[in-house]
Amino acid sequence: MARKHTENEPDLFASAPAKAEPADAEFPSLTAARKAAEDCRRCPLYQNATQTVFGEGPPHAALVFVGEQPGDQEDLAGKPFVGPAGKLFDRALSEAGIDRARVYVTNAVKHFKFEQRGKRRLHKKPNNAEIEACRWWLDNEFRLIKPQLAVALGATAARALTGRDVTISRLRGKRMTFREGVEGFITVHPSFLLRVPDAAAKEREYERFVADLKLVARHLPEIGKAA
């Protein structure tokens, strides 16, 4: 159920007790997990967010993309990657020959973390405690989907999938093993591309991002766009 967010509420991880779902709880389907996540209280981020933004895509997708967290537009729409970064992501997927309808897209953190500035809600990066609290949902998504590959989009997603802070430039383009034995790759988050101020540099970074996606596509021909 959507909640009305409040302004200028402090962001303290320990400000409210987490609601602890049983460690061995298993959902029979993504639909059941998504429904349960609507009332998630595992960390205080739910207090200001409009709603939980769960992942979307085929229930047994061969490829899972993991981003950081929903942004302002995702928080309002209840869907992942529908804002400016999402539109850029869709364009890059298309150029890489990947059909978004055939992949599962989710976030490491399922609630929008922000700082209120007047009428604007400015993105704030999730901390490690929030990432770990929400990893319970991410683990359930991976358990149910059983993907062949996963892609971490940005440092927060990489932290969630590896359990440690990593340097993207050092691991980018290298196939690696994430938690629970899932194979995958690390690349930048599409929102990074939006923040590059120089037009020429932005185009170069975008081309690198598309190249990363093409590398992933070569490992999974079945995610290609239908002819």
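Analyst: Take β5: Leu 149, Val 151 and Leu 153 on one side and Ala 150 and Ala 152 on the other are all buried, so both faces are covered. Buried means under 20% relative accessible area, exposed over 50%, and partly exposed in between, with a 1.4 Å probe and protein chains only. Strands (E, at least two residues) and helices (H or I, at least four) are DSSP runs, numbered from the N terminus.

User: Where do these numbers come from?
Analyst: This is a predicted model, in which local features need pLDDT of at least 70 and side-chain atom pairs count only at pLDDT 80 or more, while totals for chains, interfaces and linings use all residues. Residues are numbered from 1 along each chain as its sequence is written, and side-chain values use heavy atoms, with hydrogens and water left out.

User: Why do the residues split into two sides?
Analyst: In a regular strand, side chains alternate between the two faces of the sheet.

User: How many residues of β5 are buried overall?
Analyst: Five of the five, residues 149–153, so the strand is largely enclosed by the rest of the structure.

User: Which strands does β5 pair with?
Analyst: Strand β1 (residues 63–67) runs parallel to β5, joined by four bridges, and strand β7 (residues 183–187) also runs parallel to β5, again with four bridges. Two strands pair if DSSP finds at least two bridges between them.

User: Which residues face each other there?
Analyst: Val 64 has Ala 150 of β5 as its bridge partner, and Val 151 stands opposite Phe 185 in β7.

User: New topic. How many salt bridges are there?
Analyst: There are 17. A salt bridge here is a side-chain nitrogen of Lys or Arg within 4 Å of a carboxyl oxygen of Asp or Glu.

User: Give me one.
Analyst: Lys 110 and Glu 141 form one, with their closest N and O atoms 2.8 Å apart. The pair links distant parts of the chain, 31 residues apart: Lys 110 is in the loop between β2 (104–107) and β3 (114–117), and Glu 141 is in helix α4 (residues 128–145).

User: Is that pair buried or exposed?
Analyst: Both Lys 110 and Glu 141 are buried.

User: And what about Arg 159 and Asp 165?
Analyst: Their side chains meet in a salt bridge at 3.5 Å, N to O. Arg 159 has a relative accessible area of 15%, so this residue is buried, whereas Asp 165, at 57%, counts as exposed.
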